[in-house]
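The sequence and structure are shown first.

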Amino acid sequence: MKDAHISVRDALYEAPGPKTRKYIVIATAVSLAALALLVFVVVRQFYRTGQLDAKYWSFLARATTWKFLGKGILGTLEAALAAGAVTFALAFLLMLGRISGSRILGGISTVLIEFTRGVPTLLFIYFFFLVVPQLGIKLPAFWKIAAPVAISAAGVVAEVLRSGVNAVPKGQKEAALSLGMSGRSVFLKVVFPQAIRYVIPALISELVIVVKDTTFAYVVNYPDLMQNAKVLISNYDALLSVYLVVAVIYILMNYLLNKASAMVARRRNSPTITPQQN
């Protein structure tokens with residue numbers, strides 16, 4: 001029996017031969033040399049313009065700076081988790097409408113899914129920031145970022161959930177119905193739990209996008225990592241150092257989420273195609 005975990009590379013390409021491997025090694029070496037040269041040129045330019053002076057970096061050694069950045073990280077995680085929870089709830093409803101079999105519900109759900117997938121997240125944020133208050137609805141800055149990010153991601157997650165539901169063998173549903181279970185019980189107790197098992201890696205990957213979208217929190221003045229970074233830049237006039245540190249933090253956060261996705265996929269033995277792990 002073949003391993004259920006098939007790498008994208010193995011699924012799309014044959015194993016490279018000796019000559020191809022030689023070309024790959026040469027191309028990799030040339031690319032790394034070009035990258036090293038580019039880094040050298042950039043660093044030298046920063047040095048010439050004084051961007052590497054101690055005054056632009058020394059404040060990063062202070063505990064108060066990292067405490068301030070830590071509050072921003074906490075704000076980012078809180079907004080991302082809230083947006084993720086709302087996204088899942090909205091996506092579940094849209095998915096139910098899409099598979100309900102009703103032309104009206106299916107049509108409405110399809111329109112909403114395509115609308116949320118097609119509109120940029122920033123436009124949703126501006127709507128909550130500029131239009132919603134004019135309607136007499138006052139929302140805290142937290143929900144002015146969490147709600148639009150959730151709406152923006154809901155359509156994609158709804159399609160992910162639907163693909164998981166469609167991946168469940170129909171025979172299991174038919175067997176459960178033959179035992180006298182109601183259609184609702186079959187879906188909630190048999191079909192949907194298996195669908196979630198199939199798509200957990202994709203859901204965690206979508207959470208990475210949600211985290212990235214929270215960087216727009218500066219629009220609504222919500223104190224997330226990016227907003228706090230802008231405060232540090234304003235106080236110390238240190239654009240390069242602050243943005244470099246913040247970029248590393250975001251990379252680490254998203255890397256940990258991706259590793260969590262791969263770990264969950266392995267533990268649950270999800271029958272999906274996953275990138276090859278070294």
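## Helices α6 and α8

In this predicted model, helix α6 (residues 141-167) and helix α8 (residues 183-213) have axes that cross at roughly 140° and come within 8 Å. Angles over 145 degrees would count as roughly antiparallel; α6 and α8 are therefore oblique to each other. Their crossing is right-handed.

On the α6 side, the contact is made by I145, V149, A153, V156, V157, V160, L161, S163, G164, V165 and A167. From α8 come F187, V191, F192, A195, I196, Y198, V199, A202, L203, E206, V210 and D213. Sorted by class, this contact of α6 with α8 holds 19 nonpolar, two polar and two charged residues.

## Helices α7 and α8

Helix α8 also packs with helix α7 (residues 170-178), at an angle of about 145° and with the axes 10 Å apart. The crossing of α7 and α8 is right-handed.

Q172, K173, A176 and L177 represent α7 in the contact, and G183, V186, V190, V191 and Q194 represent α8. Five of the residues in the contact of α7 with α8 are nonpolar, three are polar and one is charged.

## Helices α4 and α6

Helix α4 (residues 103-118) and α6 have axes that come within 7 Å and cross at roughly 125°. The range for roughly perpendicular ends at 115 degrees and roughly antiparallel begins over 145; α4 and α6 are therefore oblique to each other. In this case the crossing is left-handed.

Here I113, T116 and R117 of α4 meet I151, S152, G155, V156, A158 and E159 of α6. The contact of α4 with α6 comprises four nonpolar, three polar and two charged residues.

## Salt bridges

The model contains three salt bridges. One of them joins R98 to E159, with 2.8 Å between the closest N and O atoms. R98 lies in helix α3 and E159 in helix α6, so that the pair links distant parts of the chain, 61 residues apart.

## Confidence along the chain

Mean pLDDT for the chain is 85, and 90% of the residues score at least 70.

Over residues 272-278, pLDDT stays under 50. For this stretch the model has 18 contacts beyond four places in sequence.

Notes:
Residues numbered from 1 in each chain as written. Predicted model: local features only at pLDDT ≥ 70, side-chain atom pairs only at ≥ 80, totals over all residues. Heavy atoms only, no water. Axes fitted to C-alpha atoms, helices over the stretch in contact; angles between N-to-C directions. Helix = DSSP H or I, 4+ residues; strand = E, 2+ residues; numbered from the N terminus. Parallel < 35°, antiparallel > 145°, perpendicular 65-115°, else oblique. Left-handed = near helix turned anticlockwise from the far one by under 90°. Contact = heavy atoms within 4.5 Å. Nonpolar A, V, L, I, M, F, W, Y, C, P; charged D, E, K, R; others polar. pLDDT = per-residue confidence, 0-100. Salt bridge = Lys/Arg side-chain N within 4 Å of Asp/Glu carboxyl O.
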